[in-house]
Structures are given as C-alpha cells and as structure tokens.
Amino acid sequence: MDKKIDRIYKLLDADKYVDAVNLCNDKDICNIDIVKSLQVYALAALRRINEATTVARAIVASKSTDEHVLATLLQGLKMIRKENEIIPLYENLITVQPYNEDALARLFNCYGSSGELKKMQQIAQKLYKLTSKPSYVFWSACTMYQQVIDAGDSSGSNMQLMLAERMLQKVIYEAKQNDKKTAGSGTITVVPPGAEELQLYIEVLMKQNKIPEAMNAFQELYPSLYKKRIGDMNTSGSVVDSNSNTDTSGGSTTEASKTDEKKYSLMPAQPLNDDGA
C-alpha cells in the first residue's frame, strides 16, 4: 500500500498526471484520504475541474483533520481556484485544534479567496491573541479598511477606520521603539513596519481626511524616503505642508483630497527601503 502511494508521488513529480490519476483509482488505496487529495492535485493539473471538485467534496464530507491531507488538497484546489471548497475542513480543524496557527492562517487565506472579509478580520484577531505577532494586526486592519472601501463609505468618520488607525498606530510605534516582545512562553522579534504596512496606515489616515497626520507619520517613520518624495512633489509644483491644512499650490487639503486623493499619495507603487533605494 505504501509503495503504491510512494509511486503516486513519483508520478506527480514526473508530471505524469494521467498515470497518477489511474493509480489513485486502485481499489487497494482509492478510499484513503491522502490518495484522494493527490488525485485532486493530478486532476487539477490536467484541468479536469469537475472531477477534481467531486473528489475534493468527498474529502470534505469525510471531515478529515489530517493536516497533510488538507495541505495537499489545498494545493490542488488552488490550481483551479476552488479554495473555497476546503473552508469547511479548516473550520472543523480549528474547532478541534483552536491553537493551530498554521491552520488559522490557511483559513484566513481561504476566506480571502471567497471575499469573506469579516471572517478574515475575526481570524486575524484570533491569530494576534494567540501569538502576539504584530503582522496579524496588519492583517486585521487591512480587512477592516477593505470592508469600508467595499461599502463605499466616503464620510471619513467610519468607526472601522478609527479602530484600524488606533490598532496600526499602536503596533507601528511599538515596533519602532522595541525590537523584541514577549509572546506566551517565548520571545518574538518585532519587525519594524515595511513600506506596505506604512502605506496601509497612511491610507487609513487619508481615508479619514487626516492629511497632515499622514504626512507627519511618513516623515517620522521613513524620513529619508519622505525627503525624496517631497523633493519629487516640489519639482512637480505641489506639496502639502505637514503642519497645516494648506496645500502650497492653493486650496484646502480636505477639499482637494475629496477630488483627487492620489495627488497626495506619498508612497511609491513598490516597497522601498528607508534609504529610498
């Protein structure tokens, strides 16, 4: 039996997907969950989507909690963009293993594939409570921000945004001041925010029309990059004074932000290092 399963792996490694599918149908091993998940992978690689989905649903019905089975199944479903099919398995797994960080993170991503932002937020919050890792605060804040965007709220006073701002501010400035933090029985490294995290923080501020606060945060956290971007904006003839509500090119920043928020976007399209490289 084990030899036959090993043979399936070798066939998959050799891209012999048809042979792998045929071997998965062997009567001695066809009812084993890991074999079914390997068959899903092979069928997905052959773009036999309906068959792959049918086999995947049989595994879901078995309520398997074997992480190797689930991880293999997920890889196959990703190829056919059907990650949502595995959600019930990971939901079941975290009820059995509520402190399984990897399972929670995978469930977060599966919810993302189906656009379930509120559930993503809840999982991110669970992950932070479990691990104290600042990265999960960013996950949570990002889903909160996206919920506001999807809802079309342009008032700038949304409670979700206010909460996301406080969460991001706390973790960003904690990371700036300390490089280590106690988590449970051990110590984790607190990584200072990168360009993507800072961009999220600034976008949350700007969505609330807090232009000066966004400018000040950028200037304080990434001073050299701030100077470079301000230099670019000066060259183009428009720059916002970070200590006032006035755009030096004329007009209210609040009014201008409503008509053209991108004009005040200080972050580059791609993450940069603090030296602007």
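**Entry 1: salt bridges**

I began with a network of salt bridges that links Lys 4, Asp 26 and Asp 28. My cut-off for a salt bridge is a side-chain nitrogen of Lys or Arg within 4 Å of a carboxyl oxygen of Asp or Glu. A note on what I'm looking at: this is a predicted model, where local features need pLDDT of at least 70 and side-chain atom pairs count only at pLDDT 80 or more, while totals for chains, interfaces and linings use all residues. Residues are numbered from 1 along each chain as its sequence is written, and side-chain values use heavy atoms, with hydrogens and water left out.

Lys 4 sits in helix α1 and Asp 26 in the loop between α2 and α3, so to speak distant parts of the chain, 22 residues apart. Helices and strands here are DSSP runs (H or I of at least four residues for helices, E of at least two for strands), numbered from the N terminus.

How open are these two side chains? I use buried for under 20% relative accessible area, exposed for over 50% and partly exposed in between, with a 1.4 Å probe and protein chains only. Lys 4 is partly exposed at 26%, and Asp 26 is partly exposed at 23%.

I searched the whole structure and got eight salt bridges. One of them joins Glu 51 and Arg 48 at 2.9 Å, N to O. Glu 51 has 39% relative accessibility and counts as partly exposed; Arg 48 comes out partly exposed too, at 30%.

Another pairs Glu 101 with Lys 133, at 2.9 Å, N to O. Glu 101 is in helix α7 and Lys 133 in the loop between α8 and α9 (135-151), so this pair ties together parts 32 residues apart in sequence. I get 24% relative accessible area for Glu 101, which is partly exposed, and 29% for Lys 133, which is partly exposed as well.

**Entry 2: whole-chain numbers**

I stepped back for the totals. The protein chain has 14 helices and two strands. It runs to 277 residues, and 43% of them count as buried.

I then checked contacts, meaning heavy atoms within 4.5 Å. Taking the contacts with a separation of 6 or more, 57% come from residues 24 or more positions apart. The chain exposes about 14,600 Å², with carbon and sulfur atoms supplying 48% of that. The areas are from the Shrake-Rupley method with a 1.4 Å probe, and for residues only the protein chains shown count as cover.

**Entry 3: the cores**

Which residues have the most contacts inside the largest nonpolar core? They are Ile 8, Val 40, Leu 73, Ile 86, Tyr 90 and Ile 123, in a core of 46 residues. The elements that give two or more residues to this core are α1 (2-13), α2 (17-24), α3, α4, α5, α6 (87-96), α7 (101-113) and α8 (117-131). α3 gives the most, with seven residues. By nonpolar core I mean a set of buried Ala, Val, Leu, Ile, Met, Phe, Trp, Tyr and Cys residues joined through side-chain atoms within 4.5 Å.

Not counting residues up to four places away in sequence, Ile 8 touches Ala 20, Leu 23, Cys 24, Ile 29, Val 35 and Leu 38. There is also a second, separate core of 26 residues, and Ala 141, Met 167, Tyr 173 and Leu 221 are among them.

**Entry 4: helix α2**

I wanted to know which residues of α2 are buried. The list is Tyr 17, Ala 20, Val 21, Leu 23 and Cys 24. They cover an arc of only 165° around the axis, which puts them on the same side of α2. The arc is taken over the directions from the helix axis to the C-beta atoms. What covers these buried residues includes α1 and α3.

Cys 30 is in no disulfide, and the nearest cysteine sulfur, that of Cys 24, is 9.6 Å away. Cys 30 counts as partly exposed at 24% relative accessibility, whereas Cys 110 is buried at 2%.

Last, I looked up phi. Most residues other than glycine have a negative phi. Arg 47, not a glycine, has a positive phi of about 65°. Arg 47 is placed in the loop between α3 (33-45) and α4 (49-62).

Lys 63 also has a positive phi without being a glycine, about 55°. Its place is the loop between α4 and α5 (67-79). At 59% relative accessibility, Lys 63 counts as exposed.

Key: Disulfide = S-S within 2.5 Å.
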